[in-house]
Amino acid sequence: MAGPGGGGSLGTVSDNELGAFLRSRRDAITPAQVGLPAGPRRRAPGLRRAELAILAGVSVDYLTRLEQGRDRHPSAQVLGSLAEALQLSAAERVLLRNLAKTTSGDFYCPSIESPPASEVRPTVRALLTRLEPAPAVLVNRIGDVLAWTTGYELLAEPLGLLAGDAPNLVRYHFTDPRARATYPDWNTVADALVANLKLDSGPDDDHLAALADELTVLAGAAFATRWTAPASPGSRAGVDRVVHPEAGELRLAYETLDLSDGEHQRIVVYLPGDEPTSGALDRLTGLRPGSLHAVAG
């Protein structure tokens with residue numbers, strides 16, 4: 001069976017991610033948002049290719065070549081003009097730049113070719129200790145769980161998040177039957193997990209490809225359609241709703257701390273998103289009651 005790029009492994013992302021991203025952003029923005037009349041006989045709500053070309057100051061032919069992958073070397077000025085015309089967020093602009101580098105073949109990151117980091121530095125373990133009693137977990141670029149606080153263990157273990165010898169947050173979400181009951185907003189969390197996978201790994205990451213192959217087989221369309229969809233900025237902060245068998249429904253505000261170590265590890269820290277969650281975490285963990293105050297999500 002051919003992969004998204006036309007052949008080979010199911011874990012191989014499209015070789016024209018830049019074009020797919022530009023088309024998806026063009027489809028997502030309306031003429032009204034950029035000050036253009038909708039006009040008659042518009043078959044889709046997004047911008048026409050000619051409209052975006054005018055707004056960005058490029059020719060329709062050139063934009064067509066970019067979207068179709070026939071031109072793979074847009075200048076920084078062109079990318080900036082397209083970003084302005086499409087009203088991209090800061091995160092989307094970073095993604096646009098990285099996709100352009102990947103498509104052109106200029107994105108070379110040797111550390112991505114090495115196995116996902118599994119070692120935990122003593123300083124990182126010390127940092128996790130300082131984060132107690134907050135639930136906090138250390139993961140690598142493909143979602144393997146490497147270390148965690150006691151607060152996270154007491155929260156996550158009853159949910160099955162730490163089951164098995166090598167727990168992985170992405171594998172849990174797509175293959176463990178408990179995940180859909182755990183996350184009422186399962187689809188939103190799934191979108192973010194896959195987007196983060198793409199952001200954290202390079203185009204030639206065999207380890208990521210192996211995980212994608214596995215999940216494509218085990219989870220089917222739920223994973224595969226997200227994997228082959230155009231890249232998106234992902235999520236490094238927000239609020240997750242979690243239904244816990246002992247504590248009930250929790251609103252957990254999370255922040256991601258990316259470690260500048262070249263190993264692509266990150267710490268995800270959870271805090272109560274409202275007062276009921278604050279009290280529930282106190283009862284669940286029994287660690288320093290009252291120390292985790294609710295924060296605005």
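Q: In this predicted model, is Q87 buried, exposed or partly exposed?

A: Burial is read from relative accessible area, where buried means under 20%, exposed over 50%, and partly exposed in between. Q87 has a relative accessibility of 43%, and therefore counts as partly exposed.

Q: Where does Q87 lie, and what is its phi?

A: Q87 is placed in the loop that runs between helix 4 (76-86) and helix 5 (90-104). Its phi is positive, at about 55°, although the residue is not a glycine.

Q: Which residue takes a positive phi in the hairpin of strand 1 and strand 2?

A: In that hairpin, where five residues lie between the strands, G143 has a positive phi near 90°. The two strands, residues 136-139 and residues 145-148, run antiparallel and are joined by three bridges; as one example of the pairing, L138 has A147 in strand 2 as its bridge partner.

Q: Is T149 buried or exposed, and which residues does T149 touch?

A: T149, which sits in the loop between strand 2 and helix 8, has a relative accessible area of 1% and so is buried. Leaving aside residues up to four places away in sequence, T149 touches L128, L131, E132, A134, P135 and A136.

Q: How many residues line the second largest pocket, and what is its volume?

A: The volume of the second largest pocket is about 490 Å³. Its lining comprises 29 residues, and those nearest the centre are V189, L193, D240, Y254 and Y270. The elements that contribute two or more residues to this lining are helix 8 (150-156), helix 9 (169-175), helix 11 (186-200), strand 3 (237-244), strand 4 (248-258) and strand 5 (266-272).

Q: What is the lining of the second largest pocket by class?

A: Sorted by class, the lining of the second largest pocket holds 17 nonpolar residues, together with seven polar and five charged ones.

Definitions and conventions:
Residues are numbered from 1 along each chain as its sequence is written. This is a predicted model: local features need pLDDT of at least 70, side-chain atom pairs count only at pLDDT 80 or more; totals for chains, interfaces and linings use all residues. Side-chain values use heavy atoms; hydrogens and water are left out. On a 1 Å grid over the protein atoms alone, a cavity is a set of points where a 1.4 Å probe fits but cannot get out, and a pocket is an open set with protein on both sides within 12 Å along at least five of seven lines; lining residues have an atom within 4 Å of a point. Grid points are joined across faces, edges and corners, and a volume is the space filled by probe spheres set on the points. Helices (H or I, at least four residues) and strands (E, at least two) are DSSP runs, numbered from the N terminus. Ala, Val, Leu, Ile, Met, Phe, Trp, Tyr, Cys and Pro count as nonpolar, Asp, Glu, Lys and Arg as charged, and the others, Gly among them, as polar. Two strands pair if DSSP finds at least two bridges between them. Buried means under 20% relative accessible area, exposed over 50%, partly exposed in between (1.4 Å probe, protein chains only). Contact means heavy atoms within 4.5 Å.
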